[in-house]
Amino acid sequence: MKTNKFALKILFLFFLISPAYGQLSSRYREEIKKKLDPEVDSTTTKVVAVYVMKPSFKSPESSIRVIDINNKSFIEARFFNSNLWEAMISQSPDKLSSISTNYFSASISNSFRNKILVNFTKVIENNKSEDELEKLKKIPGQSVTIRLYDGPTYEFKVNNDRSIKHIIIKREPIIGDLYYKVTAISDQMFNDLKNGTFNESKYEIYK
Amino acid sequence: MKFINKKILFAVTALFIIALMPFIQSCSNNNELEGTEKIESSVELTASEKNEIINSSEFKEYVDANIEIAALMKSLKVAQQNSSKVKSNVGRTPLDGKAYKASPFDYDYDKFKLMIKKVKALGEKFPSAKKMNQTEMKSLILESISKSKEFQQKMIANGLISLKRKNVRQKTTAENVYLNWNNKEDAYLFTNLWAFATQKECAGFVMADGTAVVYIDPCATRTSCDYPTFKWEDPNGNGLVAFYNGSQITETFHVHFKSYNYSSTDSQGQELCFPNATMTIFYRGYPYTYNYTNGTTYDSYDWMINH
């Protein structure tokens, strides 16, 4: 445990000497990937769907994943105990070292798994042109209009047999559209997994 | 009632999108949901509760203050339309905007202060109104205007509605506004008052010569707004800097409603588009300035109190 804390403090110092905002953002993304969508043993396990929710401030980042192991499917929920981004920019070694990841999971039916994949895919296809800042990276220095965004960011990834589809959406969901329904139900599933009340029959769009 | 037809209601709806709901700010702590920060709570009011609100003097004064703010927005756009396009020697002209040279005397800050006062008064008398969402509140305002010839006449007098204009919504939502200021303190003050009164993010930048520009995006929300970026130059061989109208941009600023911290997207945008400029976030009226070179420190001061 002591070694772990020491390692986190070293990690923090690494962040602290970072000279640029963007580098911090890039390390933040790496940490999110490592902790909320970690690597799996590809010989036995396949990650088929990922949902990551990153509030800009205050609330902790969280994820939901669907994985296949030996023809069985499972849903996983991961979340930090507090907001990682704010800890990273806080200059407080204690804050950063206090960040931990919590994990819950449950088995799901093949039908439920497929419905999640279908809806995630639809959200990805409906929001293809969302990440304008990513496009900007390809033409640095050009005069363009960017969007400042301080709300929650949602990431969807689907890995089916044919292709991998992925999107990062920096826009708040609008009540009524599929993006809203999927994020709202993902949040509900996340809370149910956390509280031990997860039940496939509860989620309207996956029935 | 004959006086109000569908066109007017449509126009009123469009106009109030820009200056509608300061309620949420006055009770922002209540509305920030810890879990997803995406859904604002709302409450279903009974017909009698709605009538009580609509008929109250506090609500009428609040609607009147909204009309004043909408009229101010209108005057800014007219001034911008009448000004000549700013030309740039070193940097680039803003993408699609005309800049309007402004001075603090052009703005009646009392309108903002009045709005803030009315919002608080209404919230104190009707706590349930604080929990209404934008659609519900807009509906109440429209009902109030439809019943008041005085409000209708005031809106016509300020050019906010016209029986001849066909597509008001398009006209009121398609244009961005650039406001040039002689000093950054006035730009700061305007930015904060504007954001507070309209409940939308607002942004700007400061140049090396001390002047500043405020950029108003009519499509902004409480968590997002468009922001213009400019060509980079490396005039002294000391690194890239962004220019606006021939002046080096030394600072960018924008308003946050939920935190004084910069977001991950803010940091990406700053590094990509405004290298070597500091970034100021306004939160509850206070500036928090982040220095590019060390990335994480901030300094705040209470200039707002002194204004």
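Predicted model: local features only at pLDDT ≥ 70, side-chain atom pairs only at ≥ 80, totals over all residues.
**Entry 1: confidence in chain A**

Over residues 6-22 of chain A the pLDDT stays under 50. For that stretch the model has 35 contacts beyond four places in sequence.

**Entry 2: the sheet of chain A**

I looked up the strand order next. Chain A has an open sheet of six strands, in the order β4-β3-β2-β1-β6-β7, with antiparallel pairing. Which strands stand at the edges? They are β4 (101-108) and β7 (164-169) of chain A; each has a single partner strand, so one side of each is left without a neighbour in the sheet. From one strand to the next, the twist averages 15°.

Strand β6 (residues 153-159) of chain A is joined to β7(A) by six bridges, and the two run antiparallel. In β7(A), the residue opposite A:K157 is A:H166.

Two helices came up when I asked what lies across these strands. Helix α5(A) lies across β1 (45-54), β2, β3 (72-80), β4, β6 and β7 of chain A, and runs at about 120° to β6(A). Helix α7 (residues 178-195) of chain A lies across β1, β2, β3, β4, β6 and β7 of chain A, running at about 85° to β3(A).

**Entry 3: salt bridges**

I noted the general idea first: side chains of opposite charge can pair when their charged atoms come close. Over all chains, the structure holds 15 salt bridges.

The pair A:R113 and A:D68 meets at 2.8 Å, N to O. A:R113 sits in helix α5 (residues 110-126) of chain A and A:D68 in strand β2 of chain A, so this pair ties together parts that are 45 residues apart in sequence. Are these two residues buried or exposed? Both A:R113 and A:D68 are buried.

In chain B I looked at B:K118 and B:E61, whose closest N and O atoms are 2.9 Å apart in a salt bridge. B:K118 belongs to helix α6 (residues 109-125) of chain B and B:E61 to helix α5 (residues 57-82) of chain B, so the pair ties together parts 57 residues apart in sequence. B:K118 counts as buried because its relative accessibility is 16%, and the cut-off for buried is under 20%. B:E61, at 38%, counts as partly exposed.

A network also turned up: salt bridges that share partners join A:K33, A:D37, A:E39, A:R65, A:E76, A:R78 and A:K157. I looked at one link, between A:K33 and A:D37, where the closest N and O atoms are 3.6 Å apart. A:K33 counts as partly exposed at 35% relative accessibility, while A:D37 counts as buried at 7%.

**Entry 4: strand β4 of chain B**

I then listed the partners of β4(B). Strand β2 (residues 177-181) of chain B pairs with β4(B) in the antiparallel sense over five bridges, and B:N180 has B:V213 as its bridge partner. Strand β3 (residues 203-207) of chain B also pairs antiparallel with β4(B), over four bridges; B:V206 stands opposite B:A212. The hairpin of β3(B) and β4(B) has four residues between the strands, and B:G210 takes a positive phi near 95° there.

In soluble globular proteins, nonpolar side chains tend to be buried together. The largest nonpolar core here has 46 residues, and those with the most contacts inside it include B:F59, B:F112, B:V214 and B:I216. Helix α10 (residues 184-198) of chain B gives the most to this core, nine residues. A second, separate core has 31 residues, among them A:I116, A:Y179, A:F190 and A:F198.

Last, I looked up what B:F112 touches. Leaving out residues up to four places away in sequence, B:F112 touches B:I69, B:L72, B:F190, B:L193, B:W194 and B:A197.

Note on methods
Residues numbered from 1 in each chain as written. Chains lettered and ligands numbered in written order. Heavy atoms only, no water. Core = buried A, V, L, I, M, F, W, Y, C linked by side-chain atoms within 4.5 Å. Buried < 20%, exposed > 50% of the residue type's maximum accessible area, 1.4 Å probe, protein only. Contact = heavy atoms within 4.5 Å. pLDDT = per-residue confidence, 0-100. Pairing = 2+ DSSP bridges. Salt bridge = Lys/Arg side-chain N within 4 Å of Asp/Glu carboxyl O. Axes fitted to C-alpha atoms, helices over the stretch in contact; angles between N-to-C directions.
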